[in-house]
Amino acid sequence: MTIKDFIGRVGYYFNLMPDKEDEHEIVRQISSGVSFKGAQLWILIFAIFIASLGLNVNSTAVIIGAMLISPLMGPIIGMGLAVGTNDLDLLKRAAKNFGVATLISVLTATLYFLITPLSEAQSELLARTSPTLYDVLIAFCGGAAGIIALCTRGKGNVIPGVAIATALMPPLCTAGFGLATGHFLYFLGAFYLFFINTVFIALATYMGVRLMHFHQYEFLSPEGAKKAHRYLMSIVILTMLPAVYLTVNIVRQHIFDNNVRNFIKTEVAQRGTQIISNSVERDSLKLRIVAVGREISEERRTTAEQHMEQYGMAGFRLRIIQGTQSDSLLMLNSQLNHLNINHESDRQKLMELSAENATLSQQLSEYTRLEQLASAIRPEMATLFPLVSHFSLSRVTEVSRDSTGTCSYVAAIIKEENGKPLTTTEFGKLHDWLKTRIKADSLLIVRQHN
């Protein structure tokens with residue numbers, strides 16, 4: 001079989017022309033769905049109310065029902081057909097009705113969210129505020145399936161499926177929510193998603209009409225045709241650019257999250273230890289991990305921190321909360337569950353605040369420990385070193401003059417009997433005994449003179 005025969009065989013299976021319906025009937029059907037008046041307008045208004053209710057109560061089933069009712073696909077496909085056939089009259093009529101339908105939809109949704117007592121943004125609503133390149137692909141593929149179904153026999157359930165997949169109604173309702181509540185970023189994000197759906201459904205319709213060789217009206221001049229096509233391509237490219245940028249950020253975040261999970265699984269997790277939660281602080285370059293069970297050693301933590309660069313976390317520091325700190329976090333988590341605090345961001349913030357509180361409590365307990373130790377060893381000091389009349393303990397942080405580093409140690413300030421200072425041997429014994437008694441890594445004894 002030659003390449004030409006192979007291409008001919010493939011073309012036989014993918015050829016749309018044998019299934020194409022009468023072109024005049026297709027144009028008449030699409031043109032009739034462009035107008036919004038009377039029943040079509042009322043259906044649109046009620047569909048907007050239903051979609052707004054679905055977003056308000058976070059019901060996917062209600063939102064799907066609203067998308068099936070909505071007649072918004074009509075003028076969008078009409079604009080794509082008009083551009084594909086160079087029908088300027090149809091394009092003007094479709095664009096006008098599309099503008100009217102969009103305005104009425106946003107105003108209806110805004111009115112609903114102004115009067116509803118439920119003003120919290122649910123997950124179904126928030127999902128319509130950050131469009132990506134995937135929404136571009138969905139709109140284009142949905143529009144392509146829709147125009148093929150409209151132009152060929154055996155449509156089946158394609159059109160209802162396209163209405164659900166491209167989701168024209170929810171973004172308009174979310175835009176209305178943004179206006180009603182003053183969240184203009186919600187409005188911009190949702191309206192941008194609606195604009196993406198509009199442009200790429202129309203683009204798919206335009207390409208489908210051209211591929212199926214619809215009769216085209218002639219422009220008054222070739223320059224006019226070229227200018228119209230340039231405008232069309234400019235709109236398509238400008239619409240895609242923000243979505244591409246958002247998609248790149250989402251992909252990067254997904255890769256980073258996977259790297260964090262792999263890092264914890266490979267470098268931190270160990271038998272007998274359970275990782276309860278983790279959080280990333282990008283501003284301060286910290287990865288916080290809450291663990292219970294067998295304690296993760298400082299050596300393992302240091303080694304894991306040195307390997308963070310291999311997981312795309314160069315410059316990050318690893319903070320492991322465990323022991324009594326993690327016990328307090330587990331108690332807080334249990335209380336949060338009891339209080340039904342389900343929003344993940346709120347839960348995470350409270351967990352992080354508890355971790356900070358645990359750190360401060362640990363630091364405070366260190367200072368309190370020294371005070372308690374001073375009181376406990378006073379009788380021993382009087383017996384072993386009677387020449388020491390007064391002493392105190394405190395933790396000191398020393399900073400170098402050039403700010404290249406800091407060190408922390410325990411300082412013991414002693415006052416000796418008048419005229420009876422400790423000998424060098426006695427002073428050495430005092431240092432060794434006191435360091436062992438208070439369990440200090442480093443100790444500095446300061447003699448206070450009268």
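1. Ile3, Phe6, Ile7, Val10, Tyr13 and Phe14 make a nonpolar surface patch of about 740 Å². One of these residues, valine 10, sits in helix H1 (residues 3–14). With a relative accessible area of 32%, valine 10 is partly exposed. Keep in mind throughout that this is a predicted model.

2. Helix H4 (residues 60–69) has Ile63, Ala66 and Met67 as its buried residues. Viewed down the axis of H4, these buried residues fall within an arc of 100 degrees, so they line one face of the helix.

3. How many aromatic pairs does a search of the whole structure find? The search gives 11. In one of them, phenylalanine 49 and tyrosine 112 have ring centres 6.4 Å apart and planes at 80 degrees; planes over 60 degrees apart count as edge-to-face, so this pair is edge-to-face. Phenylalanine 49 belongs to helix H3 (residues 39–56) and tyrosine 112 to helix H6 (residues 88–115), so the pair ties together parts that are 63 residues apart in sequence.

4. Are the two partners buried or partly exposed? Phenylalanine 49 has 25% relative accessibility and counts as partly exposed, whereas tyrosine 112 is buried, at 10%. Both residues also belong to a cluster linked by ring pairs, together with Phe113, Phe177 and Tyr186.

5. A further pair is formed by phenylalanine 263 and tyrosine 311, with ring centres 5.5 Å apart and planes at 70 degrees, so this pair is edge-to-face. Phenylalanine 263 lies in helix H12 (residues 222–268), and tyrosine 311 in the loop between helix H13 (298–306) and strand S3 (317–321), so the pair ties together parts that are 48 residues apart in sequence. Phenylalanine 263 counts as buried at 0% relative accessibility. Tyrosine 311 counts as buried at 15%, because the cut-off for buried is under 20% relative accessible area.

6. Strand S1 (residues 273–281) pairs with strand S2 (residues 286–293) in the antiparallel sense, over eight bridges. Asparagine 278 has isoleucine 289 in S2 as its bridge partner. The two strands, S1 and S2, form a hairpin with four residues between them. In the turn, leucine 285 has a positive phi of about 55 degrees.

Methods. Residues are numbered from 1 along each chain as its sequence is written. This is a predicted model: local features need pLDDT of at least 70, side-chain atom pairs count only at pLDDT 80 or more; totals for chains, interfaces and linings use all residues. Side-chain values use heavy atoms; hydrogens and water are left out. Buried means under 20% relative accessible area, exposed over 50%, partly exposed in between (1.4 Å probe, protein chains only). The arc is that of the directions from the helix axis to the C-beta atoms. Rings of Phe, Tyr and Trp (its six-membered ring) pair if their centres lie within 6.5 Å; planes under 30 degrees apart count as stacked, over 60 as edge-to-face and the rest as tilted. Patches are made of residues with over 30% relative accessible area and no salt bridge: like charges are joined within 9 Å, nonpolar side chains (Val, Leu, Ile, Met, Phe, Trp, Tyr) within 5 Å. Accessible areas come from the Shrake-Rupley method with a 1.4 Å probe; for residues, only the protein chains shown count as cover. A salt bridge is a side-chain nitrogen of Lys or Arg within 4 Å of a carboxyl oxygen of Asp or Glu. Two strands pair if DSSP finds at least two bridges between them.
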